[in-house]
Every structure is written in structure tokens, then in C-alpha cells.
Amino acid sequence: MSIRIQLSRATVKDLHSRLQHAYRRDDVRLVRRITVVIDLLVHHVPVEVLHARWGLSISCIYQWRQDFLLRGLDSLVYHQSGGRRPKLTPRQKKRLVELLEAGPQVVGCETACWTSVLIRVLIWREFGVLYNCQYVCTLLHNLGFSFHKARFVSDHLDAAKRLAWLEEKWPAILRAATRRGGLILFEDAASFAQWGSLSYTWARRGRQPEVPTSGKRKGYKVFGAIEYFSGRLFSQGIEGRFNSDSYQGFLQMIMAQTTQPLFLIHDGARYHTSAATQAFLAAHRDRITVEPLPSYSPDYNPIEYLWKKTKKRATHNQYFKEFALLTVSVDKALAYFATHPETVLGLFGLYCEESGLTLKQAA
């Protein structure tokens, strides 16, 4: 036999008054507790339904009911835990996140970059709370922000074409390559400067690391292609210019080393689209199927991550007095990736994770 508890009108009115007060204070825990008590004792919602709705244990719901029946409205209180009460309420923090994501210029700043000083001023202006600059960094970290270096994105991007490539073109390429047992090659070219490249490194505090440089403006140019299914790397270094002839030579090298159909994905570089290259591709259309990337979309080509890794291994903080030393260093790094296809496959995963694309999921 079940007993239904009936609350008086005055008690129900007090419960709703407490609930409104909890809403105004933005006290999420108390709002949840009062709502559960009202549903349970006023609307007679089954405990199992509240358990599923709120994710609370059944014993917790029964305990709240018992506390209310024994102590009434006095049970609907959460005592402040140890430490100081946060200066910003949850609602204010949510508003702060919205302002930060909108950007500094939206709130009247002339710069497009947030700094801890600017955010400190923003919090003071919007909420009347003055934080130490160092704590602002801690607050931002707790809100899910981190300090990033911005990147350029072309204003010529065609969002519709990029989306169509991801959702329509790429799955079609994947199906065709799987059906024919072909290789999917992401191709690109890179130049490695003889003056090297700089990167972060550990050093004594106050002593900026120095790397000698010859200042010679000469670069080692490399064609590269990575295979989607196996992580296989094809590369070819040249000392001349990137042009139709050198590109065709690179493709001939790949064809000589493989027997499968090739699905070639590349950008709109001039030596990719020249009449000579188009004639070459037409002559080898039984082996090569060309799938151009959307315009201004280097972020859709995962081989860009290989170039970054190659520079890290071959040119970062290194001195090349002679051009031959540069070519040896770059070729050595490329040889490492050629013999470690699992590393190249990992670049596809990193590419998908950082770019938000779904090449792996499409497989």
C-alpha cells in the first residue's frame, strides 16, 4: 500500500518562492534540488523518472525527500564550502565566454588579439570585478581557453565547395580507390631554406639561443606524396624550380615504383594545371585519376603536417654552411619517414584531430 503525501498550499507557494530565489542567485545545485522536491511531492513524479531525468541516484532522491519532510524549507540550503566565494557567478562566466569568443573588436578594442590585460579590463568593465592579471590566465584555463598562435585563412575560400569536397568528393574518391585497389596520394611540394628555420628550445633564462646562418637565399625543393591507406611516402628533391617538367618527372617516378591505379589529390599550383601537365595526365589517364582540392585549401592536404615534421627534424635551429649539408639533412629526414609508414599514418590522425575534418571517419 503506497501513501501519497499532500503538501499545503502555503508550503507549495513557499517552495516556488524558494525556487525563484535560487534562479535569481544562479544557484544551480539548489535549483535542481528544489525542482526535484516539487516534482516528487507536488506533482508526484515517480522516483525512477527523476532518476533518469536528473542523473541522480535513487537513494539521493529519497534522502532529499526525507530531509524535507523532517526539516521542511530549512533542508533546502547549501552551505558555502571552504574557500572564498567566486567573484563571478556562473551566469557571468557564461557571458564572459560569449564576449571572448566574439573577439576584442566587437567590444570596442582596436586590436584583434586578446591579452590578459585586455581581458582584465573587460571583466572590470562588464562585471565590476577586478582580478590580478595572473589569475585571469588561471580563470581562462578553467573556462576552457588556452593561448594560441593565430593562423591565416584566405578570404577567397568557397565554403560551399569545401563542404562539397568533404561530404561528396572525398567519399567518392575513397569508394573508387577501394573498388579498384588503388592508391590515394596527397601530393604537395615544399622548399627548405639553406638559412634554416628557428624553433623553441630550452636555454638559460635571459639568454636567447643564437643559431649561425650563412644568409644564402637558396632552397632545396622537394616534391612529396603520402599514401592514405598505407602511409607510404614518395619524395623527390630538385635543385631547380618547380615547373611542369619537374612535376611530370616526379609522377613518372611514382608510376615506376607502383603498379596500382593512382588517385592523385593536389592543389591548383600552376605546374599542376599547365597545358603540358594536363597533356601528360591525359596520356596516363589509365593509371592516374586527378582529384583537385578546393581552391585556397592547403588545410585539406595532410602532407602539410609531413613538411612541418621534416623541418623539425632537418632544419630547426641548424646551421648549413654548405648547400649540400642542407640536402643531406632533409633527405635523411625524408628517409626516416619513408621507412616509418606508421608515423605518416599518425599524421593523418593528427591532421583530422586538429583540422576537424573527417577523412578517417569517411573510411
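## Ground rules

The model is predicted, so local features need pLDDT of at least 70 and side-chain atom pairs count only at pLDDT 80 or more, while totals for chains, interfaces and linings use all residues. Residues are numbered from 1 along each chain as its sequence is written, and side-chain values use heavy atoms, with hydrogens and water left out.

## Helices α1 and α2

Let's start with α1 (residues 9-25). Helices here are DSSP runs of H or I with at least four residues, strands are runs of E with at least two, and both are numbered from the N terminus. Helix α1 packs against α2 at an angle of about 160°, with the axes 9 Å apart.

The crossing of α1 and α2 is left-handed, meaning that the near helix is turned anticlockwise from the far one by less than a right angle; clockwise would be right-handed. On the α1 side, L15, H16, R18, L19, A22 and Y23 are in contact (heavy atoms within 4.5 Å) with L30, V31, I34, T35, V37 and I38 of α2.

## Helices α2 and α3

Next up is α2 (residues 28-41) with α3 (residues 47-54): the angle is about 155° and the axes are 10 Å apart. These helices are therefore roughly antiparallel to each other, and α2 passes α3 in a right-handed crossing. R32, T35, V36, D39 and L40 of α2 make the contact with V47, L50, R53 and W54 of α3.

S75 sits in the loop between α4 (58-71) and α5 (90-102). The S75 side chain reaches the backbone oxygen of G72 at 2.8 Å.

T258 is found in the loop between α9 (244-257) and β4 (262-266). Leaving aside neighbours within four places in sequence, T258 is in contact with L183, R232, F234 and R287.

Conventions
Axes fitted to C-alpha atoms, helices over the stretch in contact; angles between N-to-C directions. Parallel < 35°, antiparallel > 145°, perpendicular 65-115°, else oblique. Polar contact = N/O pair within 3.5 Å; in protein donor to acceptor, adjacent residues only side chain to side chain.
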